[in-house]
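Please find below a colleague's note on this entry. The points are meant to be read with the coordinates open.

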There are 2 protein chains.
Amino acid sequence: MDGLDPDTLADPAALTRALVDIESVSGNEDAITAVVEAALRGAPHLSVRRWGNTLVARTELGRPRRVVLAGHLDTVPVAENLPSTVDGDCLYGCGTSDMKSGSALALWLAVGIPAPRYDVSYVFYDCEEVDAARNGLRRLAEVHADWLAADFAILLEPTYGAVEAGCQGTMRARVTTEGRRAHAARSWLGANAIHAAGEVLGRLSDYAARRVEIEGCEYREGLNAVRIAGGVAGNVVPDRCDVEVNFRFAPDRTVPAAEAHLREVFDGFALEVVDSAPGALPGLSSVPAGEFLAVVGRPPAAKLGWTDVARFAELGIPALNYGPGDPNLAHTREERVEIPKIHEGAATLAGWLGGP
Amino acid sequence: MDGLDPDTLADPAALTRALVDIESVSGNEDAITAVVEAALRGAPHLSVRRWGNTLVARTELGRPRRVVLAGHLDTVPVAENLPSTVDGDCLYGCGTSDMKSGSALALWLAVGIPAPRYDVSYVFYDCEEVDAARNGLRRLAEVHADWLAADFAILLEPTYGAVEAGCQGTMRARVTTEGRRAHAARSWLGANAIHAAGEVLGRLSDYAARRVEIEGCEYREGLNAVRIAGGVAGNVVPDRCDVEVNFRFAPDRTVPAAEAHLREVFDGFALEVVDSAPGALPGLSSVPAGEFLAVVGRPPAAKLGWTDVARFAELGIPALNYGPGDPNLAHTREERVEIPKIHEGAATLAGWLGGP
């Protein structure tokens, strides 16, 4: 793989396209990481560290505040959409929206702004699109949390140029009903566990989800059955039914509080938490966040999905999502990014960091 | 395979054991059919016909009434329980209860009673323990219904010496709810099909099943969910949920009436019938049935499971279940038959047919 030439590094749209054309489906980030690392090491104002396929490049200017700009370098599997193509104002290809246009902005700023208003740590990581256990940011936080230390973080996930602050927490839990098997021809000898699950579904239907406003952002909760399974055979009264529920909760609840709430909702039923991830408060009151919002000039909204901003929140770092891609196009065959949106994001971020 | 010697043919318990020791898991009935056919052809008072692995042996005495005694020759898979063993009064082995003790009684009567009170058609068939499409009695009824013509039939399925009359019908149907997919983080944009199934389960829980008395036999209906499935992924509001229900209905309902009833119960939901089989009225008012009940000397009960008596009912032949095996031991590793029950059944049937 050839390195990135200066002209490419100086143009965020060209840089996006160059990164898109280095295929980097999760687990295959060696090549792209090498290219990004070489570009970062070519900038004498950066101190670069690598751990596995994660990179952290820092300015060391002694500024009173430090911010993080972060993006992952992996993509979901290619869907016959590489190499990239350009049609009018749009750049098409796997990863254009999620999130090489965002990561390209971080690299463009890292190389192009030698003396930003704050010290900056630029973070590039792998395996975001797969199991949380493999997530490069999570793993880096476990072994080198100090590399990530900062007062504020921006994750350049696709938001179509909006500021999406914090994120909701998520919890999946299995609610189980039990009964007694019997032959369907003598069903009164059994107890039907699927019938018993009717009450679980009734509580879900009746559930009134909260809408919570935090720092001007509205977080809208949701509690949904995402899977149901029960049954032994076509002639047997079933003795077990499992309802898997997904609870998306506002970041004013902790994970234990969310679990306690679910146990209250499903009081009387067996409940087991399958997995969970905490939410993140918007954290818009920090000075760098306020200055960033002023440059963007649009009110922030709550992030409803779960993103890696929650990992920064767990480290005590307020974080928000801001990127040029359209989140609705992520993971699609028609994935694309609008080139003007890349330039808009570049101007906003450079204006904030006090750059060119 | 050697044939059955006269001593064995003269003793219903020895005959049961001889048939049990000819392994005949469904699809592998050639050997046992050959042995039974040879024994039948050795009786000059019988006219024997074979079609595939089904046998029909008839007396042709010009009696005003004809009855059928029927049994299948196949078994479920052997479970380390062949060859047979005897422990005290019990004969252990695959097929002892279901239903070689019953089929042995038919063969014992066929050979041993040259001049019964009614003309008798003894029917032996294959593939009862597998898909209905392969059932030998069903297939014979399709191509040679005339071979089965009779005024009354006894199916020698295990009833532990009780008379179990007629049988309930059965119908499986799929009740489907639909919704609209959405990301679980923005669940208000979707419509949860699993939640919608709560109403289906509620109707099942509230369902008041009928108990119907017909000719002194109580048929107890039942309507049960036997399977439920829904869900797309752990983070997606599901757009479909399927509830499979099994309806066991008294034989005063036809299959179309049963379907109409289900459509009424699940009014407002999509419903598709998956499969069905009609019930069979007890048919105890026929002269041979009345005479048989008099010999048994115990009141009949309703058969709750579905058996091949319904195939006779479809041919217009009243039929009941009566056999020495314990139905609760059928298909078990510990399958067995009590030898005194075999002799009791032999005496009852021979007393009825006016035999030795």
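1. The model is predicted, and local features are discussed only where pLDDT is at least 70. Superposing chain A on chain B gives an RMSD of 0.2 Å, using a turn of 180° and a shift of 0.2 Å along the axis. The two chains are therefore related by a two-fold axis. Both copies use the same surface, since 100% of the contact residues of chain A recur in chain B.

2. In chain A, the axes of helix 3 (residues 30-41) and helix 4 (residues 96-112) come within 10 Å and cross at roughly 25°. Angles under 35 degrees count as roughly parallel, so helix 3 of chain A and helix 4 of chain A are described as roughly parallel to each other. Helix 3 of chain A contributes Ile32(A), Val36(A), Ala39(A) and Leu40(A) to the contact, and helix 4 of chain A contributes Lys100(A), Leu107(A), Ala110(A) and Val111(A). By class, this contact has seven nonpolar, no polar and one charged residues.

3. The largest nonpolar core has 59 residues; those touching the most other members are Leu40(A), Leu69(A), Tyr122(A), Ile154(A), Leu349(A), Trp352(A) and Leu353(A). Helix 4 of chain A gives the most to this core, with eight residues. Apart from this core lies another, of 58 residues, including Leu73(B), Leu107(B), Phe292(B) and Ala346(B).

4. Beyond four places in sequence, the contacts of Leu349(A) are Leu69(A), Leu105(A), Leu109(A), Ile154(A), Leu156(A), Phe292(A) and Tyr322(A).

5. Leu61(A) sits in the loop between strand 2 (54-58) and strand 3 (66-72) of chain A. With a relative accessible area of 36%, Leu61(A) is partly exposed. Not counting residues up to four places away in sequence, Leu61(A) touches Pro114(A), Ala115(A), Pro116(A) and Asp119(A).

6. Most peptide bonds are trans, and most residues other than glycine have a negative phi. The bond from Leu82(A) to Pro83(A) is cis, with omega near -5°; Pro83(A) is in the loop between strand 3 and strand 4 (85-87) of chain A. The bond from Asp98(A) to Met99(A) is also cis, with omega near -5°, and Met99(A) lies in helix 4 of chain A.

7. Which residues other than glycine have a positive phi? His331(A) has phi near 70° and lies in the loop between strand 18 (319-321) and strand 19 (336-338) of chain A. His331(A) is partly exposed, at 49% relative accessible area. Cys127(B) has a phi of about 55°, in the loop between strand 6 (119-125) and helix 5 (136-143) of chain B. Cys127(B) counts as buried, at 6% relative accessibility.

Technical notes. Residues numbered from 1 in each chain as written. Chains lettered and ligands numbered in written order. Predicted model: local features only at pLDDT ≥ 70, side-chain atom pairs only at ≥ 80, totals over all residues. Heavy atoms only, no water. Axes fitted to C-alpha atoms, helices over the stretch in contact; angles between N-to-C directions. Helix = DSSP H or I, 4+ residues; strand = E, 2+ residues; numbered from the N terminus. Parallel < 35°, antiparallel > 145°, perpendicular 65-115°, else oblique. Contact = heavy atoms within 4.5 Å. Nonpolar A, V, L, I, M, F, W, Y, C, P; charged D, E, K, R; others polar. Least-squares fit on C-alpha atoms with pLDDT ≥ 70 in both. Core = buried A, V, L, I, M, F, W, Y, C linked by side-chain atoms within 4.5 Å. Buried < 20%, exposed > 50% of the residue type's maximum accessible area, 1.4 Å probe, protein only.
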